[in-house]
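Here are my notes on the model you sent over. Have a look at it first, then go through the points below.

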Number of protein chains: 6
Amino acid sequence: MRPSGRKTDQMRKVSFERNVSKHAEGSCLVKFGDTHVLCTASLEEKPPAWLRNSGKGWVTAEYGMLPRATGDRMRREAAAGKQGGRTQEIQRLIGRSLRAVVDLQALGERQITIDCDVIQADGGTRTASITGGFLALHDCLKWMEARSMVKVEKVLKDHVAAISCGIFAGQPVIDLDYLEDSSAETDANFVMTGKGGIVEIQGTAEAEPFSQDELMTLLGLARNGIAELVELQKQAIA
Amino acid sequence: MRPSGRKTDQMRKVSFERNVSKHAEGSCLVKFGDTHVLCTASLEEKPPAWLRNSGKGWVTAEYGMLPRATGDRMRREAAAGKQGGRTQEIQRLIGRSLRAVVDLQALGERQITIDCDVIQADGGTRTASITGGFLALHDCLKWMEARSMVKVEKVLKDHVAAISCGIFAGQPVIDLDYLEDSSAETDANFVMTGKGGIVEIQGTAEAEPFSQDELMTLLGLARNGIAELVELQKQAIA
Amino acid sequence: MRPSGRKTDQMRKVSFERNVSKHAEGSCLVKFGDTHVLCTASLEEKPPAWLRNSGKGWVTAEYGMLPRATGDRMRREAAAGKQGGRTQEIQRLIGRSLRAVVDLQALGERQITIDCDVIQADGGTRTASITGGFLALHDCLKWMEARSMVKVEKVLKDHVAAISCGIFAGQPVIDLDYLEDSSAETDANFVMTGKGGIVEIQGTAEAEPFSQDELMTLLGLARNGIAELVELQKQAIA
Amino acid sequence: MRPSGRKTDQMRKVSFERNVSKHAEGSCLVKFGDTHVLCTASLEEKPPAWLRNSGKGWVTAEYGMLPRATGDRMRREAAAGKQGGRTQEIQRLIGRSLRAVVDLQALGERQITIDCDVIQADGGTRTASITGGFLALHDCLKWMEARSMVKVEKVLKDHVAAISCGIFAGQPVIDLDYLEDSSAETDANFVMTGKGGIVEIQGTAEAEPFSQDELMTLLGLARNGIAELVELQKQAIA
Amino acid sequence: MRPSGRKTDQMRKVSFERNVSKHAEGSCLVKFGDTHVLCTASLEEKPPAWLRNSGKGWVTAEYGMLPRATGDRMRREAAAGKQGGRTQEIQRLIGRSLRAVVDLQALGERQITIDCDVIQADGGTRTASITGGFLALHDCLKWMEARSMVKVEKVLKDHVAAISCGIFAGQPVIDLDYLEDSSAETDANFVMTGKGGIVEIQGTAEAEPFSQDELMTLLGLARNGIAELVELQKQAIA
Amino acid sequence: MRPSGRKTDQMRKVSFERNVSKHAEGSCLVKFGDTHVLCTASLEEKPPAWLRNSGKGWVTAEYGMLPRATGDRMRREAAAGKQGGRTQEIQRLIGRSLRAVVDLQALGERQITIDCDVIQADGGTRTASITGGFLALHDCLKWMEARSMVKVEKVLKDHVAAISCGIFAGQPVIDLDYLEDSSAETDANFVMTGKGGIVEIQGTAEAEPFSQDELMTLLGLARNGIAELVELQKQAIA
């Protein structure tokens, strides 16, 4: 029995609110249950230095949590004077995941920065960030298309979304909330495209090592969940 | 004529949304027009080191802006590795302003941290932070009262709110938005209590020096605006 | 009765010693009683990056305290690895105040940095820095005029000076020393031009909020004090 | 055809040199071909602060590269003033992987730090670090056992080793060297125990998304390789 | 011929002004010609952590330069966020030099920090700092003796002073000013006690290597100069 | 009697292993007994910014210690966020020493960085770094000569090597190991060229001041030791 009463293959209620920012070229407030992440896309008309004169652009991501997004207040990273290892790990993952569906040549010599700021955390902030970040990116490209800068369908090769799965109380479950996440035996994050290709898989045994069969079960759960998320993305865009 | 079409003594639409955080002891999403600040209050059951065994507590504040809260994306302070001078100036101001209406002895040896994070900026982020931070603080004290830790009316001596006034296009106006703020001749921030006492006044001549008469006019505008804000705070709490 | 025996409207003995640096284009050791600040002006023949090709120059300020300028030794900011919030607040104030009397167009594409280093502190270091920094700036411009780079009277539109006033033991007093400052009920810093225009006003209620009447009284005290400081600046230059 | 001429399921020559440090409680110079990592284990007789009085100990890891371990000299992280995101990601992975086979209760309130310093890099530094770090950890526990502090077999529950697999030029291959790694379509790191349990799996699509079948193939390659590495660890210890 | 017209064995005019700080337990403004260093001694009634319960105290030093102490303005180290290598090298030298004449047991579990801040630089700032720092230290101990905390003659075993010598334009000269220093072939700093013992010697070939004979000549010059400095210290104290 | 049983004028066994790095243009693993330092030379085809268009190149050095190179594990400088004063002092010394035998004009507008990383420490890491760093530099120049970039004999004017001497238990001894170094009364480092010219001398009285005669004795010991080191360098290169 999951603390939330959800079934093992049941994700939390997922919602996307687009155009939440007056300033950003694209933006999306994504909610996976009580996990709320504000994603904005910011366009810059020049690529990072190492891509100058390459004809290619870049998509990158930054991630942050408001200090009281969590149950106990965490120290503000700006006050601490550096981004922690977890933050860097997550923002590198978000960037890689989004780039997996972008044709950087078609984007041209520009950079889009996806900022994912966790307003409230309840587990799964990185998967929500990727899933919502995709919409911010999409809307930024739409904004550019409206200005004849790119064709969205040339730049964006597919959808991309992410979900966590894990083994909680001996049961494989999808979309772990904080209560589950903090006592799961195994925790895995999956990033997949609309066509079902795997972009990233990160599985960690928190307690006992897990088996190949368990991995397959989690992957199966994830595949279904991500298909559902992609469907929701499509509805949000439509 | 103001860019927004407002009258010189007309503030933007102000709203307070309380209890927006699942985790914080008190929280408030305050909006002054397109300026949106999320304020949370976090209780810690020990005071800062320099107040140990003093019988007194402390109220402090931290301030941040999401990178794309502004028209152009600003560098994330956590990535830059330090909080800028403007950030530090503002968070010190918020802390001082809120402490002005708190009886630190009655609070007891605890610390309350008010985090003010600007979700979207359009001028007046510091005044919105103080005004909304008051409600987060109030609700945190209510949370404590419900647990018999304090009596709210013993700790909270009065309301406190803040507004900016300035001289724009030769006219004294209240509650400057970004367009006005960036070209105002004079810019002043006022913090006042519910009883009308002045807690803080910061006036700066951006172009030409201003006169005592002009200062008085701005103070008069501010007095009315703050009275209105306090009224709105009271309605929000009621 | 003030701890120093001064009358309520009596400033400390103020002195300016010019040309104290062998290297700087302008320099002034300013003393407000036991508060001693060494101000130097350093000319750089290019403006900050954001003013390139604008035809305009810039005046900026940096502020520091020697570790044992104070009663207790303070940690050296260079060793701490950052400038504190108070330091940044003060150096921003000094810069704004001096720029208020400078025609940046007439200065041309150059930068003048005013370094204000507190050799000994006894309250009022920021007001002494502004008042003495003006002379360092003036002398730097004179140095430039001697080399046909600018006309001083074109660049420098007026004098600027600053003084603190506050309510100490229930009495409005001018030019608080450390003993007064640390127990004042209200503390305000005023920056004004030679013509009496207000450049900056920063008033803070340290204990109880203050009233508009009190503010007016402090402003009146400040006006007289600053007039006196400007007179002393003129004598120093003459 | 692999650049090195290796077969697709052929790892590079792996060697372990134990007791290479005069000072460390355990140490191992591990070589995966031209990738050389010096692993040392340092015992501290107190756990991290958050484990005081828990009866438990901790195993942590730090990772670094000598500036010219790579083809082009990289900036020294100590000079840059911070550890990069990649470094933090890797050292967190090493720590998690080793803890997966340690009974922290049986270790007692102590901390063992595994330093993995890359002397020369040619791809696979993180997998070499985990595989060699296990031996440094083992030898540190042996050192402790010799002093009657712990029983090795109580603390160390199993072997742990790691290998990378990837899809290079359309072929699934094991133990990628730098040339392969920098142009692989898919890159995955596997950490497994002696009994074959999965501790960690991190797969990334560098170009096109990969399929579940490809993942299974890589996992199969990894399983064989890790079994071989564990065998080599056992010979090294014997 | 030296740029200053001095003879090869002629130091610049040296002066000591004691008690220049209202706050510090000991202070001295030392001048070696145009090199001016403000030295303060700050007493703290506890030793550094690693000397707790050892019965011993500590003497340490910190060094800084005002940004415009030099011909060109140097970046403020507090703004740069760290102390440079040269600063650290010099402050370590000052600390070692002063400790060489202090009985740390007799000092007791306390720490004295000598801050040496260069107000104006013209070569030889480290030697002036050591020579003047000795007087600040002495006066701090006198201050303590007046409060029956120590006996000066028990703590202070001897005088200590320092001078630079070098080979300039082929000639061995003493007490190099900036002009000489920046083009000297060899540059050496000597720290010696009142009895003539060598505490520290640091010689560097800036251009060609130097010979043992040249070293002896420089040492001879330094011995005479330091004897003179010690004599001046004695007069200053008397 | 020395702890190691060596004679007072007997250095530890010194060895050089060249070409230890697959990547670096020059490299050398130098051992002075149990002190092992890996020196690599990295060529960059542009000089530092301040030498652009000067026709001159630069040789610089960086120094680091692996955390467990020492008896107790030291904090990793990359994790601490800065290089300590000792590190900076040493790397500046290595750079100056090597530049003393390099004709920077003949090198041309390039930079060679010598990284000296201490794999294991037992006293004398800086002297081993200089002595081994010379070989890395030499081999880098040979590498360049093979590509017709320079003539080694034009760039490299002489050999350079370094040794420590000190007074231990009342006896002047050469090449102190850690045990001797940590309780020596006097500690001096000498850097000399193949022709016997002095490049650098740094002598410190750790306890009592030392005399000119003692300095001469140490210099004599060093002269012999360095002659021997230069001989070994020549054999290594031959």
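This is a predicted model: local features need pLDDT of at least 70, side-chain atom pairs count only at pLDDT 80 or more; totals for chains, interfaces and linings use all residues.

1. Residues are numbered from 1 along each chain as its sequence is written, chains are lettered from A and ligands numbered from 1 in the order in which they are written, and side-chain values use heavy atoms, with hydrogens and water left out.

2. Chain B goes onto chain A with a rotation of 180° and 0.0 Å of shift along the axis, at an RMSD of 0.0 Å (least squares on C-alpha atoms of residues with pLDDT of at least 70 in both). The two copies are thus related as by a two-fold rotation axis.

3. Over in chain D, 5 strands make an open, mixed sheet, ordered β1-β2-β3-β5-β4. Strands (E, at least two residues) and helices (H or I, at least four) are DSSP runs numbered from the N terminus, and two strands pair if DSSP finds at least two bridges between them. At the edges of the chain D sheet are β1 (14–18) and β4 (58–65), each with a single partner strand, so one side of each lacks a neighbour in the sheet.

4. Within chain D, β3 (residues 35–44) and β5 (residues 111–120) run antiparallel, joined by 9 bridges. H36(D) sits opposite Q120(D) in β5(D).
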